[in-house]
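Take a look at the protein below. We will walk through it piece by piece.

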Amino acid sequence: MGAFRRCLRCDVDAVSRCGRCDAALCRRHQPRAGGRCRACERDYHDDALARNRMKAVLGLPPAAVTTAAVLAIMLPFAAGFGAAVAIAASAAIAGSGIAGLLFRAVDRAARAQFLREHGRPLPTARVVRLLPRG
Ligand SMILES: [Zn+2]
Ligand SMILES: [Zn+2]
């Protein structure tokens, strides 16, 4: 959870609730359509690092494979240096296009999952005193 705290009006003059953490929110703090309260949105943004790692894992190998495949398929047809450069460029474009597609897919999936989440996260674990033995 971040620094955002609901204001007094959130409690006394709530117009909506966060669809994720169920916090009552005033008009000023009500989430925009397709969004969640600021605390939840902050959680989502805090996860960006993990998402970026996932993008690298998911997106870069196919991008490299695509680039290599386009090169391998097209290069035999390259007649001269100019054609080779053009083919290398289109291979790079194809590769980054694939990566971009996958990156957007990861973002969409993460956002959809975030919006599906509902209810407060589990309460933080507490140490409870164990019953004395014997
Ligand atoms: Zn408020
Ligand atoms: Zn929330």
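Which residues of α3 are buried? They are Gly59, Ala63 and Thr67. Keep in mind that this is a predicted model. Look at the spacing of those numbers. An α-helix has 3.6 residues a turn, so residues three or four places apart point the same way. What covers the buried residues of α3? Part of the answer is α4.

Now turn to the partner. Helix α4 runs over residues 81–116. Its buried residues are Ala91, Gly95, Ala99 and Phe103. The cover over these buried residues of α4 includes α3, residues 48–74.

How do the two helices run from end to end? Start with α4. It has 36 residues, and at 1.5 Å a residue it should span 52 Å. The end C-alpha atoms of α4 are 52 Å apart, which agrees. Next comes α3. Its 27 residues should span 39 Å at 1.5 Å a residue. The end C-alpha atoms of α3 are 37 Å apart, and this agrees too. Helix α3 also has a kink of about 30° at Gly59. The kink lies shortly before the proline Pro61. Gly59 is also one of the buried residues of α3.

Ala68 is found in α3. It counts as exposed, because it has 12 C-beta neighbours inside 10 Å, and 12 or fewer makes a residue exposed. Ile93 is found in α4. Is Ile93 buried, exposed or partly exposed? It is partly exposed, with 13 other C-beta atoms within 10 Å. Ile93 also lets you follow the helix along the chain. Ala83 is ten residues away from Ile93 along the chain, and their C-alpha atoms are separated by 15 Å.

Step back to the whole chain. How many helices and strands does the protein have? It has four helices and two strands. Along the sequence they follow the pattern α-β-β-α-α-α. The radius of gyration is 25 Å, well over the 14 Å that the globule rule gives for 134 residues, so the protein is more spread out than a compact globule. Its C-alpha trace spans about 80 × 55 × 20 Å along the principal axes. Of the 134 residues, 12% count as buried.

Domain 1 covers 7–43, and domain 2 covers 47–116. Their C-alpha centres lie 38 Å apart. One pair of residues gives another distance. Ala68 and Ala14 are 54 residues apart along the chain, and their C-alpha atoms are separated by 56 Å.

The largest nonpolar core has six residues: Cys10, Cys18, Ala23, Leu25, Cys37 and Cys40. Pick out Ala23. Leaving aside its neighbours within four places in sequence, Ala23 is in contact with Arg6, Arg17, Cys18 and Cys37. Cys18 and Cys37 are also members of the core.

Where does Asp22 sit? Its place is in the loop between β1 (16–17) and β2 (24–25). Asp22 counts as exposed, with 11 C-beta neighbours inside 10 Å. Its backbone is worth a look. Most residues other than glycine have a negative phi. Phi of Asp22, however, is near 70°, a positive value in a residue other than glycine.

Methods:
Residues are numbered from 1 along each chain as its sequence is written. Chains are lettered from A and ligands numbered from 1 in the order in which they are written. This is a predicted model: local features need pLDDT of at least 70, side-chain atom pairs count only at pLDDT 80 or more; totals for chains, interfaces and linings use all residues. A nonpolar core is a set of buried Ala, Val, Leu, Ile, Met, Phe, Trp, Tyr and Cys residues joined through C-beta atoms within 7 Å. A residue is buried if 20 or more other C-beta atoms lie within 10 Å of its own, exposed if 12 or fewer, and partly exposed in between; C-beta atoms are placed from the backbone. Two residues are in contact if their C-beta atoms, placed from the backbone, lie within 7 Å. Domain bounds come from an automatic or database domain assignment. The expected span of a helix is 1.5 Å times one less than its number of residues. The radius of gyration is taken over C-alpha atoms; the globule rule is 2.2 Å times the number of residues to the power 0.38. The bend at a residue is the angle between axes fitted to the seven residues ending there and the seven starting there.
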